[in-house]
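Please find below a colleague's note on the model under review. It takes up the ligand site, then the aromatic pairs, then the backbone.

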Amino acid sequence: MPKEPEDKVLETVSPSSFDFAPLFRAGLPPAAARWNGRVKFDFTGGNNDADSLPLDGLIAAANAVLKREGRTLSTYGLDSGPQGYRPLREFLVGKLKADAAIACTADDILITSGSLQGLDLINATLLERGDTVIIEEDCYQGSINRLIRLGVTPIGIPLDRDGMRMDALSNALDDLKRKGAHPKYIYTIPTVQNPTGTIMPLERRQEMLWLSATHGVPIFEDDCYADLIWSGQRPPALYAIASRGGVIHIGSFSKSIAPALRVGYIVAPWEAMSRVLPLKTDAGSGALEQMVLAEYCAAHFSKHVPVLRRSLRAKLETLMESLNEHFGAAVEFDDPKGGIFLWIKLPDEVDAARLYQPALAAGVAINPGPEWSVNKAHARSRLRLCFASPSHEEIHQGVAMLADVCRREFGVPGPGARVDRAG
Ligand SMILES: Cc1ncc(COP(=O)(O)O)c(C=O)c1O
């Protein structure tokens, strides 16, 4: 039987012989490297504690919700409309009220595919190439990189132990006004900041809202770590205390339940929400995840989170102890009030970007500070270490290995740095 032309093509053209390169649009990010698996001692990313994942509860929730309403999966949006599974939004209404003092309705909430999609949607709604925004100087890499790719200039405001400094914010707003530039928003992670772990107290939140209102610049509040405060006590969200509005709030289930579920949310007044919704053109975020989360969280969220917090706090203790043991006086850090990261400072001779490769070759993955800051000089000798995902033993061994590599590359920590745990 004669062969079809398609068969001939399949026979003669190998999958890699087509040259895509001339077709790629200008300005694409650098090509991705292939994934080679996780390293032995992984202190990177925002991964969670596998042992604290409420697996049995999620399995039971999946069974219950699918048996009860699984047939709604036949409809885009599960009979809940374009803003996401209604019972999940209703759970959030109660949770946000109880924890963050936010008074909102299910119609003020949009479920997104992770809060990263929330960042993208808000940016797509508000930003144009050439715009300026204000952010914390040390800040989430995902937020910084998005701004750079959009051709938006981020102005970094230094932090102290209470988060973004209001004197510096006030000066920056005045300075931009003098130059005729009107920033599109002030982006902040006020409740367990990434990477510094600071929490902005209530008075400073009020000051920030006053500056925002005075200068007519809205606040973009990213609250994805707010469930992970050791004390369980958090100040009200900026969204909650903004008497004149002007705040958009995003949050996530990545840090309290599991990042791979990819479920986050936006809370915004309808004036903003109604302009965000037409930009969410994916026909809805993953429905199973939303159904399982709603079912699980309604019954178990408030009991699960304190258990998770305790296990994260214990891992942080192990990390701080290991750093003191192996780096001694060569390492500085503040004990964060919550979260999954420790932001550490090594002596000035350590170039964190140059430490990255030799550490990786030794099986230790770290996040070099400059990638988490708009002030590269300030972050040059800093590292962000995620303590949630490695086990206690991996934390001990990984820090010991990192100290060896750092000593070999930079002479730091010195030979006398090691402090015996008993001492
Ligand atoms: C400050 C901040 N915002 C947003 C995100 C994105 O989280 P997700 O998309 O998993 O909700 C992260 C993740 O680490 C983060 O640290």
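The numbered points below follow that order.

1. This is a predicted model, in which local features need pLDDT of at least 70 and side-chain atom pairs count only at pLDDT 80 or more, while totals for chains, interfaces and linings use all residues. Residues are numbered from 1 along each chain as its sequence is written, and side-chain values use heavy atoms, with hydrogens and water left out.

2. The ligand is surrounded by 14 residues, each with a heavy atom within 4 Å of it. Asp222, Tyr225, Ser252, Ser254 and Arg262 are the closest. By class, the shell holds six nonpolar, five polar and three charged residues; Ala, Val, Leu, Ile, Met, Phe, Trp, Tyr, Cys and Pro count as nonpolar, Asp, Glu, Lys and Arg as charged, and the others, Gly among them, as polar. Helix 4 (residues 114-126) supplies three residues, the largest share of the shell; helices (H or I, at least four residues) and strands (E, at least two) are DSSP runs numbered from the N terminus.

3. Polar contacts here are pairs of N or O atoms within 3.5 Å. The side chain of Tyr225 places an N or O atom 2.6 Å from an oxygen atom of the ligand. For Ser252, a side-chain N or O atom is 2.6 Å from a ligand oxygen, and a polar side-chain atom of Ser254 lies 2.6 Å from an oxygen atom of the ligand. The protein covers 95% of the 400 Å² of accessible area that the ligand has on its own (Shrake-Rupley method, 1.4 Å probe).

4. The structure contains nine aromatic pairs, counted for Phe, Tyr and Trp (its six-membered ring) when ring centres lie within 6.5 Å; planes under 30 degrees apart are stacked, over 60 edge-to-face and the rest tilted. One of them, Tyr185 with Phe220, is edge-to-face, at 5.2 Å centre to centre and 85 degrees between the planes. Tyr185 lies in the loop between helix 6 (166-178) and strand 7 (186-188) and Phe220 in strand 8 (residues 219-222), so this pair ties together parts 35 residues apart in sequence.

5. Most residues other than glycine have a negative phi, and most peptide bonds are trans. Val192, not a glycine, has a positive phi of about 70 degrees and is found in the loop between strand 7 and helix 7. Pro195 belongs to the loop between strand 7 and helix 7 (202-215), and a cis peptide bond with omega of about 15 degrees joins Asn194 to Pro195.

How values were computed: Polar contact = N/O pair within 3.5 Å; in protein donor to acceptor, adjacent residues only side chain to side chain.
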